[in-house]
Amino acid sequence: MTYPVSLELTGRRVVVVGGGVVAARRVQGLVDAGADVQVIAPSVSGDIVSLGVSIAQRSYVDGDLTGAWLVQACTDDPEVNAAVVAEAERLRIPCVRADLASGGTARTPAVARSGAVTVAVTAGDPGLSRDITAAVVAMLDTGDLPVRPRRSGGGSVALVGGGPGDPELITVRGRRLLAAADVIVTDRLGPRGLLADVAAEVIDVGKTPYKKHGATQQEINELLVDRARRGQAVVRLKGGDPFVFGRGGEEVAACMAAGVPVQVVPGVTSAIAGPSAAGIPLTHRGVAADFTVISAHLAAHSESTVDWEALARGSSTLVLLMAMDRLELVSKTLISAGRAADTPVAVVQNATLPSQRTLVSTLDTLAADAEAAGMGSPAVVVVGEVVRLATP
């Protein structure tokens, strides 16, 4: 049994005896810790030279360790390493022996970092130590380790794109922010499977069976600002990407106007993930060189800024969001503007989720086919020749 301790070595002398690969790794870590490192070895690797530390290019001799706070014996000669350990023990200086851990008076743990957290593990077996360290850091990085940082100071808001539905498609950064949040303000289409085990307060501002309409955008903006001003870390969890028809720009503007620190974490938008999940390439050499993502919410409406005629005339792949209750109107608009009536169309419902379904049709029969199949929201509609290339 050893006693674990973390050493403050900034500006303090540390002696490394040895100049090879192992010594280079140890020297790098010591330099990162701010130590005043001296390397003693007849031959020193270029990696060590590049670190700019003090080098005595000679063999170790008794007396070299005087004044050191820590010693690393890293030669490939067991007798030299043993001599270094013996001197260090006489001087009561902790000494790590690289070739035989039990032969020294200190151990170097497996070390990895996640943000401001340093994880160090000593498990006896170096391989096991590395494996445990890597596993803990991975859990910290992804937010799977239920640890929330202690904060002092003001609050903040993070707009996190949750992706198209599958909880595993959120970004690592987004997952980490969820784990650290005090409050999570979520939409109906956010990946709710991630919220089951969070320690944060969860506020649902989306539509529910008991509430025809969720909170207004103004109410959401005020909620984000109010909670951040209370000093809380607020995550605004949104489906897809915050800036793809997610009104993320309005929420950022509200936070900035209120002087609240705000960040945006991109998410995988369903406009791309939906077709991909159904095996439909949005672009394909010789078929489609571009694609356009369109909100069909105001299709053929006086307030719509979409140039449907221009879209119909081109060969671009069209990706329609919020289109399920406007399929007939959209189809007629595109056909009347020049798109062929037999243009293939796919509807991908609940993309990336176990309940995902895909319907393949054509513009002229799309609305009737979708109704007959019981296709509903949320769904992504893909219009274009690339639909013919869909893979199972």
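Modeller: Let's start with Ser361: leaving aside neighbours within four places in sequence, Ser361 is in contact (heavy atoms within 4.5 Å) with Thr343, Pro344, Val345, Leu366 and Asp369. This is a predicted model, where local features need pLDDT of at least 70, side-chain atom pairs count only at pLDDT 80 or more, and totals for chains, interfaces and linings use all residues. Residues are numbered from 1 along each chain as its sequence is written, and side-chain values use heavy atoms, with hydrogens and water left out.

Colleague: Is Ser361 buried or exposed?

Modeller: Buried means under 20% relative accessible area (1.4 Å probe, protein chains only). Ser361 has 7%, so Ser361 is buried.

Colleague: Which side chains does the side chain of Ser361 join in a polar contact?

Modeller: A polar contact is a pair of N or O atoms within 3.5 Å; within protein, one must be able to donate a hydrogen and the other to accept it, and residues adjacent in sequence count only if both atoms are side-chain atoms. Here the Ser361 side chain has one of 3.0 Å with that of Thr365 and one of 2.6 Å with that of Asp369.

Colleague: And how do the axes of H10 and H11 cross?

Modeller: Helices are DSSP runs (H or I, at least four residues), numbered from the N terminus. Axes are lines fitted to C-alpha atoms over the stretch in contact, and angles run from 0 to 180 degrees between N-to-C directions. H10 (residues 327-336) and H11 (residues 366-373) have axes that come within 8 Å and cross at roughly 160°. The two helices are therefore roughly antiparallel (angles over 145 degrees). Leu327, Glu328 and Ser331 of H10 meet Leu366, Ala367 and Ala370 of H11 in this contact.

Terms used:
Parallel < 35°, antiparallel > 145°, perpendicular 65-115°, else oblique. Buried < 20%, exposed > 50% of the residue type's maximum accessible area, 1.4 Å probe, protein only.
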